[in-house]
Amino acid sequence: MSKERARRRAEREAERARAIQANEERQARLARWRALRSSIGRLTPRPVRVRRPGGLLARRHRTQNVLVALGFLIVQAIAWMLWGSFFASFAVLVLSVLLVPVVVTLAFDRRI
């Protein structure tokens, strides 16, 4: 009877040793994976944010940008319709490009 108990205890201890060894191997593999992942993460750039930023300030800036672009296009269309000359339209284009930052800063109180 004692031989049978000794044999079962030896089997239990062997099974426990195998479980401990398997757990240690799993933990080592997980640690290697985490180290590899963190080193790769430092080498690769962070993913680019795809969606637009939300919030009141972002929405206001988008609206202002649309208004500025629309105003720029309207000025160009009016200059083309009024004068029709390439040189006059080009002069209005250059003048508009130079004055848009000034108008934006004065109208919307922000620095470009």
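Helices here are DSSP runs of H or I with at least four residues, and strands are runs of E with at least two, each numbered from the N terminus. With that in hand, welcome to the structure above, which is a predicted model: local features need pLDDT of at least 70, side-chain atom pairs count only at pLDDT 80 or more, and totals for chains, interfaces and linings use all residues. Residues are numbered from 1 along each chain as its sequence is written, and side-chain values use heavy atoms, with hydrogens and water left out.

Let us begin with helix H1. Arg16 sits in this helix, which covers residues 2–43. Look for the charged side chains here, and for the salt bridges between them. A salt bridge is a side-chain nitrogen of Lys or Arg within 4 Å of a carboxyl oxygen of Asp or Glu. How many salt bridges does this rule give? The count comes to four.

Glu4 pairs with Arg7 in a salt bridge whose closest N and O atoms are 2.3 Å apart. Arg7 and Glu4 are three residues apart in helix H1, so about one helical turn separates them. Glu4 also meets Arg8 in a salt bridge, with 4.0 Å from N to O. These two residues, Glu4 and Arg8, both belong to helix H1 and are four residues apart, about one turn of the helix. Glu4, Arg7 and Arg8 are linked together with Glu11 in a network of salt bridges.

Are these side chains buried or exposed? The scale used here calls a residue buried under 20% relative accessible area, exposed over 50%, and partly exposed in between (1.4 Å probe, protein chains only). Glu4 is partly exposed because its relative accessible area is 34%. Arg7 is partly exposed too, at 41%, and Arg8 is partly exposed at 39%.

Being three residues apart in helix H1, Arg18 and Glu15 are separated by about one helical turn. Arg18 has a relative accessible area of 49%, so it counts as partly exposed. Glu15 is partly exposed as well, at 44%.

Patches are made of residues with over 30% relative accessible area and no salt bridge, where like charges are joined within 9 Å and nonpolar side chains (Val, Leu, Ile, Met, Phe, Trp, Tyr) within 5 Å. For charges, Lys and Arg count as positive and Asp and Glu as negative, while His and the chain ends are not counted. The place of a charge is taken as NZ of Lys, CZ of Arg, CG of Asp or CD of Glu. Which residues form a positive surface patch? They are Arg5, Arg9, Arg12 and Arg16.

Next comes helix H2, residues 56–82, where you will find Phe72. Phe72 is partly exposed, because its relative accessibility is 23%. The C-alpha atoms of Phe72 and Ser38 are separated by 48 Å, and these residues are 34 apart along the chain.

Now move on to helix H3, residues 86–108, which holds Leu93. Leu93 counts as partly exposed, at 33% relative accessibility. From Leu93 to Ala22 there are 71 residues in sequence and 73 Å in space, C-alpha to C-alpha. Leu93 also belongs to a nonpolar surface patch, whose members include Phe86, Phe87, Phe90, Val94 and Leu106. Together the patch has about 1200 Å² of accessible area, and such areas come from the Shrake-Rupley method with a 1.4 Å probe, where for residues only the protein chains shown count as cover.

The phenylalanines deserve a look of their own. Rings of Phe, Tyr and Trp (its six-membered ring) pair if their centres lie within 6.5 Å; planes under 30 degrees apart count as stacked, over 60 as edge-to-face and the rest as tilted. A search of the whole structure finds two aromatic pairs. The rings of Phe86 and Phe87 have centres 5.6 Å apart and planes at 70°, so this pair is edge-to-face. The rings of Phe86 and Phe90 have centres 6.1 Å apart and planes at 20°, so this pair is stacked. Phe86 and Phe90 both lie in helix H3, four residues apart, about one turn of the helix. Within it, Phe86 is exposed at 60% relative accessibility, Phe87 is exposed at 66%, and Phe90 is partly exposed at 46%.
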